[in-house]
Amino acid sequence: MSVSAGDNIKLDWDRQEDEARLEEFDARIDRGELIEADDWMPENYRVGMLRMAEHHANSEIVGALPEGEWITRAPSLKRKLALIAKVQDEVGHGQMLYRVSQDLGKPRDAMLRDLITAKTKYHNVFNYPAPTWADVAAIQWLVDGAAIMNQKSLADGSYGPYVRTMKRINMEEAFHFKSGEDMVLTLMSGTPRQKKMMQEAFDRWWNPCLMFFGPPDKESVKTGPFMRWRIKTATNDTLRQKFVDRFAPAALDLGLKVKTYQRDAQGVVQRNPDGSAIWTIDEALHPIESEKRWGFSQPDWDEFYTVIRGGGPLNRERVGLRRFSYEQGAWVRRAVLGRPTGAPPNRN
Amino acid sequence: MTDLADAHKKPLVQLLFSIADDKLVLGHRNADWTGLGPILEEDIAFSALAQDDIAHAGAIYGLIADITGGDADHLAYGRTANTYRCCDLVELNDEFDWAVAVVRQFFCDHFEHLRLRRLSRSNWTKLRQLASRMLAEENLAIGHADQWIVRLAKSTSEARGRIQHAVTKLAPLTPSLFEPTEGMADLEAAGVYPPLEAPMFDAWESMIANVIDETGLRAEFRAPAKDYVGGRHGKHSADFAAMLSEMTEVYREEPAAQW
C-alpha cells in the first residue's frame, strides 16, 4: 500500500496563527522581502506554496512526455539533439522544483507516488495529444511561450527558493521558445504538406493554450489570498490577454489562421461524433484599438473542467506512462537510495 | 598528413560509417530514457550521454560528407538499411530494462574509447583532431558506466541479479563490436587507423575485467570468429529494421524538405 504523505497537507483558512507573527509576515510581504525556507511562515502560505511548486514540478515531468515521444522520430540530427536537450531541461526543471517542494515538507517519493496515483495534478495542457512532428513545434512555441509568461509573473513572487528557480527556468525556456519559433517558421516556409501539418497542429494547441492560464478570474477560487501573499502575482485573465496580444499577431504574420470552436446560435459548442472539436476561424480575433488589446473568443470552459477532472484525451495515458517509469525504475532506487520506496519520508 | 590518399578513401568511409552509425544508434536508444529514467538525476545524465553520442555521430557524418559529398543528415537518415555499419550490440532494444541499458553502455563505451584512442593517433590530421576532442567526452561516459556497474552490482541482491542477467544476455553480442569493416587492414598498415599495442579485443576485455572483477560478476567473452558477418557488413538484427523505420519516419515524408 502506498501511503501519501500529502494527505495531511491541506489548506485550512480557519487555522489559528500567532497574530503577532502573522502581522510581521504580512509586513515582510508588503515590503517586498523574499521568504526563505527556514523563515516562519503561515501554514496556509507553506501549503499553498508547496502545492504550487509540486504542481509545477509534476507538470515539468509530465510535460516531458508529449515531446519525448518524438525524439525517436525527429527528422534531422540538429532537431533530434535540440529535442533531447529540451526534454532534458524539462526533467531538470522538475528536479529543481521537487527540491523546492521537498524543503516545504513533502518528500520526493511521496510526490511521485501521488502523481502516479492521480492524487495530485499536473498541467492540463499536457493531456492533449501530439500526433505529428508539427505538434512538437506548436508545443515549443505556444506552450513554452505561455509558460514563460506565467513564470515571469511567478518570478516576482515572494518565496525565495521558488523565485530563484523561476528565474533560472525562464532563461532555459527562452531557448525552447526560440527553437519552437524556428521550427514553426521552417514548417510554414516549407512544402504545402508541411504548412498544412503546422496549421493543424496550431489548431490543436491554440485553445489549450488559452486555457493554460486557468479559469476566468471570476471562477478562480485560489486567486485572492495567494495574490495577497504574492504566491501569485498576476490573475489568470491578465496573463491570458497578454498571451493573445503577443501570439495572435505573430501567428497571423506567419500565415497561420487562428481558430475557435464551432458554436451554434445559442453559443453551444459543436463537436464531431468522436468528441473532437470542430474548428472555425475566430471572427472575434482582431485588435481593439480603444482598449489596446486583441479581442478573442474564449475557449470551451466545459472542456477545461472535463480535462481537469481526468476526462481529457490522454489523462490516463500520461499518468500511466509516469507510473510505468516509476515502477520500472523502483529497483534502481531501492539499490542506490538504500531504503524501500514506500518507507516513511525524510525531508530530503 | 592533410590529404587522404585516394586508395584509403573507400575503406575509411566504411570505418567512419561504423563509428557514426554506432553512435547514432546508441544515442537514439539512450534517448528512449529521456523523460523516463529511474531517477531524475540519472534521466538527465542519460540524456547528456545521448546528446554526446548523436553530436559525435553528426561530426563524423560531416567528415564522411567531406570525402564523399552529400550532407550529414542525408547520411544519417537517407540510406538503405544494408548500408549502415552499426553492430548488433548497439541495435539491441533494451525494452526499458535499465540494467540492459547500463550494461550495453558499459560494453560500448569501453570499445568506443579504444577506437577513438586509435583514431586520435591517425596520420590524417582532420581525423586525429576530431577523435582527440571526442575522446575527452568518451572518458566521462566511461566513468559514468563503470560507476553504475559497480554501484548496482554491490548493492541489493535484486540489483545484482539484474545486472548479472544483463551481462549474461549481452556478452554473446559483444563480438559484433570487433568485426572489421572492409579494407580495415589497409588503413591499419597505412597509419590512418593505427593499431593498439595489443589486439583490440584483448585490450577491451582487460578494461572490462578491471571493473567486473571488482564486483564478482561472472562474464565470459570471446573474440569474433574469423568468418563472422554482421552489422559491419550490412547484416543487421530485426531490432534495427524497426528502429530505422521509426527514426526516419518524419524525414521520409519529405526527404528534400527542410525540417
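Visitor: In chain B, what share of the contacts with a separation of 6 or more comes from residues 24 or more positions apart?
Guide: Welcome! Keep in mind that this is a predicted model. Among contacts in chain B with a separation of 6 or more, the share from residues 24 or more positions apart is 75%.

Visitor: How many helices does chain B have?
Guide: Read along the sequence, chain B follows the pattern α-α-α-α-α-α-α-α-α-α-α-α. Its strand count is 0, and its helix count is 12.

Visitor: What is the radius of gyration of chain B, and what would a compact globule have?
Guide: The C-alpha atoms of chain B fill a box of roughly 55 × 45 × 35 Å along the principal axes. For 259 residues, a compact globule would come out near 18 Å, and chain B agrees, because its own radius of gyration is 18 Å.

Visitor: How much of chain B is buried?
Guide: A residue counts as buried if 20 or more other C-beta atoms lie within 10 Å of its own. Among the 259 residues of chain B, the buried ones make up 47%.

Visitor: What about chain A: how many helices and strands does it have?
Guide: Chain A fills a box of roughly 60 × 55 × 40 Å, judged by its C-alpha atoms along the principal axes. Buried residues make up 45% of its 348 residues. Its secondary structure comes to 12 helices and 4 strands.

Visitor: Which residues of helix H12 in chain A are buried?
Guide: Helix H12 of chain A spans residues 330–337. What covers its buried residues includes helices H5 (98–119), H6 (125–153) and H7 (157–170) of chain B. The buried residues themselves are A:Trp331, A:Val332 and A:Ala335.

Visitor: Which residues touch the most other members of the largest nonpolar core?
Guide: In soluble globular proteins, nonpolar side chains tend to be buried together. Here the largest nonpolar core has 163 residues, and those touching the most other members are A:Ala137, A:Leu142, A:Cys209, B:Val103 and B:Ile163.

Visitor: Which helix supplies the largest share of this core?
Guide: The largest share amounts to 13 residues. Those residues come from a helix spanning residues 133–154 of chain A, namely H5.

Visitor: What does B:Ile163 touch?
Guide: B:Ile163 is one of the core residues that touch the most other members. Not counting residues up to four places away in sequence, B:Ile163 touches B:Ala99, B:Val103, B:Ile149, B:Leu152, B:Ala153 and B:Leu217.

Visitor: How far is the C-alpha atom of B:Ala171 from that of B:Val103?
Guide: B:Ala171 sits in the loop between H7 and helix H8 (175–178) of chain B. Leaving aside its neighbours within four places in sequence, B:Ala171 contacts B:Ala219, B:Glu220 and B:Phe221. B:Ala171 and B:Val103 are 68 residues apart along the chain, and the separation of their C-alpha atoms is 9.4 Å.

Visitor: What phi does A:Arg230 have?
Guide: Most residues other than glycine have a negative phi. A:Arg230 lies in the loop between helix H8 (223–228) and helix H9 (236–253) of chain A. Although A:Arg230 is not a glycine, its phi is positive, at about 55 degrees.

Visitor: Is B:Phe96 buried, exposed or partly exposed?
Guide: B:Phe96 lies in the loop between helix H4 (88–91) and H5 of chain B. A residue is exposed with 12 or fewer neighbours and buried with 20 or more. B:Phe96 has 15 C-beta neighbours inside 10 Å, so it counts as partly exposed.

Visitor: What is the mean pLDDT of chain A?
Guide: pLDDT stays under 50 over residues 1–5 of chain A, and also over residues 341–348. Still, 94% of the residues in chain A reach 70 or more, and the mean pLDDT is 92.

Definitions and conventions: Residues are numbered from 1 along each chain as its sequence is written. Chains are lettered from A and ligands numbered from 1 in the order in which they are written. This is a predicted model: local features need pLDDT of at least 70, side-chain atom pairs count only at pLDDT 80 or more; totals for chains, interfaces and linings use all residues. Helices (H or I, at least four residues) and strands (E, at least two) are DSSP runs, numbered from the N terminus. Two residues are in contact if their C-beta atoms, placed from the backbone, lie within 7 Å. A nonpolar core is a set of buried Ala, Val, Leu, Ile, Met, Phe, Trp, Tyr and Cys residues joined through C-beta atoms within 7 Å. pLDDT is the predictor's confidence in each residue, from 0 to 100. The radius of gyration is taken over C-alpha atoms; the globule rule is 2.2 Å times the number of residues to the power 0.38.
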